[in-house]
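Please look at the sequence and the structure before reading on.

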Amino acid sequence: MDLYEHQAKELFQRHGIEVPAGGVATTPSEAREIAARLGAPVVVKAQVRIGGRGKAGGIRAAPGPAAAEQEAGRVLGMDIRGHRAHAVLVEAATAPAAEYYAAYLVDRAEGAFLAIVSRHGGMDIEEVAATSPDAVARVPVDPLTGVDAATARLLAERAGLPEEAAGTLERLWRVMVEEDALLVEVNPLIRTAEGRIVALDGKVTLDGNAAFRHDHPAPPPSAGLEDRARAKGLNYVKLDGRVGVVGNGAGLVMSTLDVVAGAGAAPANFLDIGGGASAQVMADGLEIILSDPDVRSVLVNVFGGITSCDAVATGIVSALDLLGERGLARPIVVRLDGNNAEAGRRILGEAAHPAVRQVPTMDGAAELAAGLAAGA
Amino acid sequence: MAIFLTKDSRVLVQGMTGAEGTRHTARMLAAGTDVVAGVTPGKGGRTADFGERAVPVFGSVADAVAATGADVSVVFVPPRFTLAAVEEAVAAPIPLCVVITEGVPVHDAVRLRALAAGRTRIIGPNCPGLISPGQSSAGIIPADITSSGRIGLVSKSGTLTYQLMYELRDLGCSTAVGIGGDPVVGTTHIDCLQAFQDDPATDAIVMIGEIGGDAEERAAAYVAAHVTKPVVAYVAGFTAPEGRTMGHAGAIVSGSSGTAQAKKNALEAVGVRVGRTPSETAALLRTVLGKTTP
């Protein structure tokens, strides 16, 4: 889960890292109040979870409260690369004497943690690495010992940061470990003329799997159907097409989306009912998919490993009875294979629901579902 | 022969007395696995009854190993206890630890990898485990959809593993390994490619990947440098949108990195043929081996 800048900075503060004084506003008048309270020139920053805000005009300087109100009016509601700014962070403008870069991340390839620190901050770190590789220190972090004071001093030295930055590097590591973050990035981390080290920006990604041991903010609400699916414990991602897709196992469902696309149609969603799904889970899944008005046909693709195909078939039959009454029925192409497939096919055959067609192969089923969506 | 798991493997199950543990222990036994012990803290001294076989339960992995000589552990404990369970297995020491649990925090996965380095091979977390058909099964891969044979299979995805095993059931597998779909896993595609290359009972390799990270790209480089046996591959997730997690925690395209197309390109650049669908992948393998469709 990616945090907004203001949420990341709250975590930084909790761990003793200095950030500029400021507050979050969702209206221009709130921005004005915050600026008045700060009593100094401010920066108004769009809160969106995507890079490139500055270039898109989402970060604006304002000398006082009136200007802050005006700038907030321009930034609030702005669409930045597909992300709408519903809030702005209004902060005391802080002049850097020097700008650095600091990040900790999970190195998937090595299955380890990596520190990336540079004496050049405020720009894209990939660019810095390409143009002046000597200015970027990439140092593996031992997961069992972490970053202590000595390691932090070494990191600062390797990257060419002043010694007073070491304390901040150590505290940023604490954010990484104690908050179960997958990424902690500060760009720029600055030194002020008085020698203070301040995190001027902040990007933090938290691990949803670790939510049980934290009191982090809940993930922001997404599209309505995605929330409903999550409440039912289903893994659902809304897409742009017209063929609804449901299957068991993330890999098989991704593969099914690809096969539907290969058959010339666009998938309407990703929906994984998981391993060992019951009839109820299958019924819930179909209910979610058929609630999407874009869906013209549905492809159910199940390979029974743990999941039993007769349970899937029973779920389809019971869902159709229920959904038919609500007028939500649409053609459903079913491919069942593997564990108890014969029994599952028989259940569907005997129910003889007019909306259901069975196809023995994944490729054939995708073609039929694509054709039905095009003809609908 | 096979890789990592053979008929001589002595398997213990951590979390055997839980619902999932019980259910899958019964399935492992039915698949011919020599399940010698269960471990549940605080429940040592009991016996779990699985029809024809009674399996002793121990309070710790160390006790179970001392009493039974177990050398494989399959972990079914909930996410918050997984790190501690694996620590126990590593300390015992158990040479192969298969972590089925889904939802393990990434920090715990990184730590358990570091703890196990050089001592215990970890498979998973969030994986279906592995099976050497006709010999042993450690995990939840169904045993009755395939047969013993000479194909080595490695995959991030459970159901795609099953799908391919099923499509190739007439040829059969030496070992099929589900390495798991999390961002950080103990055993990688490369580890399995290396083991299959060295396994005299494996003639050809099927590698299944999906979006996220660059494990497939690295595997491609490894194949070019070290693998002489035929390899075919499949990659899932061409239609996945950027920035969305597709079911598996690790299945996410970030910017332009981790795309299915990049993985396919990397594999094809080193001569690995990549199927557009699971069925086509199975057909490619038959072509490579000069076998006809049954």
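## A cavity, an interface and some local features

By class, the residues lining the largest cavity comprise 5 nonpolar, 1 polar and no charged residues. The model examined here is a predicted one. A search of the whole structure finds 1 cavity of 30 Å³ or more, and the volume of the largest cavity is about 40 Å³. The residues that line this cavity are V317(A), L320(A), L348(A), A351(A), H353(A) and V356(A). Two helices of chain A, α10 (309–325) and α11 (341–351), each supply at least two residues of that lining.

The second largest pocket has a lining of another composition, with 7 nonpolar, 6 polar and 8 charged residues. Its volume is about 370 Å³. Of the 21 residues that line this pocket, R108(A), A109(A), V185(B), T188(B) and A215(B) lie nearest its centre. In chain B, α6 (189–198) and α7 (215–226) each supply at least two lining residues. The helix α6(B) gives the most to the lining, with 3 residues.

The next subject is the interface of the two chains. How many residues of chain B are in contact with chain A? There are 52 residues of chain B in contact with 45 residues of chain A. Together the two chains bury about 3,900 Å² between them, and 60% of this area is on carbon and sulfur atoms. Between chain B and chain A, 16 residue pairs are in polar contact, with both residues at pLDDT 80 or more. The side of chain B that touches chain A draws at least two residues from each of α1 (19–30), α3 (79–91), α4 (106–116), α5 (158–167), β13 (231–236) and α9 (278–289) of chain B. The greatest contribution to this side comes from α4(B), with 8 residues. By class, this side of chain B has 25 nonpolar, 16 polar and 11 charged residues.

Salt bridges are the next topic. Side chains of opposite charge can pair when their charged atoms come close. Over all chains the count comes to 40 salt bridges, and 3 salt bridges are found across the interface of chain B and chain A. Two examples from the model are set out below.

| Salt bridge | Distance between closest N and O atoms |
|---|---|
| D108(B) and R213(A) | 2.9 Å |
| K9(A) and E5(A) | 2.7 Å |

Why are K9(A) and E5(A) separated by about one helical turn? The reason is that K9(A) and E5(A) are 4 residues apart in helix α1 (residues 5–14) of chain A. The other pair in the table, D108(B) and R213(A), joins a residue of chain B to a residue of chain A.

Some features of the backbone complete the description. A cis peptide bond joins A92(B) and P93(B), with omega of about -5°. P93(B) is found in the loop between α3 and β6 (96–99) of chain B. A cis peptide bond also joins G124(B) and P125(B), where omega is about 5°. P125(B) is placed in the loop between β7 (121–123) and β8 (129–132) of chain B. In chain A, D180(A) is a residue other than glycine with a positive phi, near 55°. D180(A) lies in the loop between α6 (166–178) and β10 (181–191) of chain A.

Conventions: Residues numbered from 1 in each chain as written. Chains lettered and ligands numbered in written order. Predicted model: local features only at pLDDT ≥ 70, side-chain atom pairs only at ≥ 80, totals over all residues. Heavy atoms only, no water. Contact = heavy atoms within 4.5 Å. Buried area = accessible area lost by both parts, 1.4 Å probe. Salt bridge = Lys/Arg side-chain N within 4 Å of Asp/Glu carboxyl O. Polar contact = N/O pair within 3.5 Å; in protein donor to acceptor, adjacent residues only side chain to side chain. Nonpolar A, V, L, I, M, F, W, Y, C, P; charged D, E, K, R; others polar. 1 Å grid on protein atoms, 1.4 Å probe; cavity = no way out; pocket = protein on both sides within 12 Å on 5 of 7 lines; lining within 4 Å. Points joined across faces, edges and corners; volume = space filled by probe spheres on them.
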